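Subject: Structure for you to look at

Hello,

I am handing over a structure that will be new to you. Please open it first, then read my notes below.

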Amino acid sequence: MSSEQSERTIVGELYEKRSIQDWIRDAGPVAMLVILLALFTALSPVFLTFNNLVNSILMNSTILLLVALAGTFPILQQSIDLSVAANLGLSGVLTAMAINQFGFVGIFVGPFVGLAAGLVNGVVFAKGKIPSFLVTLGTQSVLMGGALLLTNGSSQPYRNPAVQQLAIGNVVPRIPNLVVLGLVFYVITVFVAFFTPFGRYCYALGESEKVTELSGVPVDRYKSVSSSSPACSVVSPVRSSPHASRRPPPEWVKDSFCRASLASSWAVPL
């Protein structure tokens, strides 16, 4: 029997062992969401309209979704990344400055900064054997402080018609580009988590790092890469408005962590 067949057999056995209570527990958040949708629809006739759902709810939730996606893989490994929101803040500031200096190509600064900051987290965590909580708590302060120093605590405006169109335009009719970008990254994250060796190793590290290491998996490499955060910083020029890039609210750290934890607890590799 091949390793893939063996893996699928184990997953099948896990499904067979799940009780009705397990399925009810997992369905609870979805059921609560349906109840809330029904309640808000009954209270307001405009709630369940296309304009409200897409231009208000999805637009406001997409940035937080991307921040949560960036923190999902460390959580799968039983680690944590508290710096994703601060990463987004510094990436946004530097991207806005680069757009003012170099034009449209400045938008590529955001993913590079996010990747570099994430790699620093991962290397210090994996090679230095320092708990991820302490590492990312420290880098959170450094990144947020850097953004504040660069902007003196104010917004960093940018003026570029092409970037403004990217921020407020509609490649798909009636669907903002930001929402489309969020869905694309969501699909990519699901694919990587479920259908690639990287995703499976993240799950394995979360179950038992020692067993994974004894199986020949380069644990430090995967721990380092999983902390990279280009997913959230790639939308830094369009995350708040077409005119300014600002420091993200402090509560995003808590909210994104809760969403990533919830998504990770639901996820079962197939």
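Here is what I found, starting with the overall picture and moving to single residues.

Please keep in mind that this is a predicted model. The mean pLDDT of the protein is 75. Of its residues, 77% reach 70 or more. Two stretches need care. Residues 240–245 have pLDDT below 50, yet the model gives this stretch 24 contacts beyond near neighbours in sequence. Residues 264–270 are also below 50, with 19 such contacts. Where pLDDT is low, the predicted coordinates should not be read in detail.

Now the overall make-up. The protein has 270 residues, and 41% of them are buried. Its secondary structure comes to 14 helices and two strands. Take the contacts between residues at least 6 apart in sequence: 76% of these join residues at least 24 apart.

Next, a helix pair. Helix H9 covers residues 177–195, and helix H10 covers residues 197–207. They pack at an angle of about 70°, with axes 5 Å apart. An angle from 65 to 115 degrees counts as roughly perpendicular, so H9 and H10 are roughly perpendicular to each other. On the H9 side, the contact is made by Val192, Ala193 and Phe194. H10 brings Phe198, Gly199, Arg200 and Tyr203. By class, that contact has five nonpolar residues, one polar and one charged.

Which residues make up the largest nonpolar core? There are eleven: Phe73, Leu76, Ala193, Phe194, Phe198, Cys202, Tyr203, Leu205, Val217, Val219 and Tyr222. The elements giving two or more residues to this core are helix H4 (72–76), H9, H10 and helix H12 (219–226). H10 gives the largest share, four residues. In soluble globular proteins, nonpolar side chains tend to be buried together.

Leaving out residues up to four places away in sequence, Ala193 touches Phe73, Gly199, Arg200 and Tyr203. Another core lies apart from the largest one. This other core has eight residues, including Leu90, Val93, Val113 and Ala147.

Last, Val120. Is Val120 buried, partly exposed or exposed? Val120 sits in helix H6, residues 109–128. Its relative accessibility is 46%, so Val120 counts as partly exposed. Val120 and Thr139 are 19 residues apart in sequence. In space, their C-alpha atoms are 8.8 Å apart.

Best wishes

Terms used:
Residues are numbered from 1 along each chain as its sequence is written. This is a predicted model: local features need pLDDT of at least 70, side-chain atom pairs count only at pLDDT 80 or more; totals for chains, interfaces and linings use all residues. Side-chain values use heavy atoms; hydrogens and water are left out. Axes are lines fitted to C-alpha atoms, for helices over the stretch in contact, and angles run from 0 to 180 degrees between N-to-C directions. Angles under 35 degrees count as roughly parallel, over 145 as roughly antiparallel, 65 to 115 as roughly perpendicular and the rest as oblique. Contact means heavy atoms within 4.5 Å. Ala, Val, Leu, Ile, Met, Phe, Trp, Tyr, Cys and Pro count as nonpolar, Asp, Glu, Lys and Arg as charged, and the others, Gly among them, as polar. pLDDT is the predictor's confidence in each residue, from 0 to 100. Buried means under 20% relative accessible area, exposed over 50%, partly exposed in between (1.4 Å probe, protein chains only). A nonpolar core is a set of buried Ala, Val, Leu, Ile, Met, Phe, Trp, Tyr and Cys residues joined through side-chain atoms within 4.5 Å.
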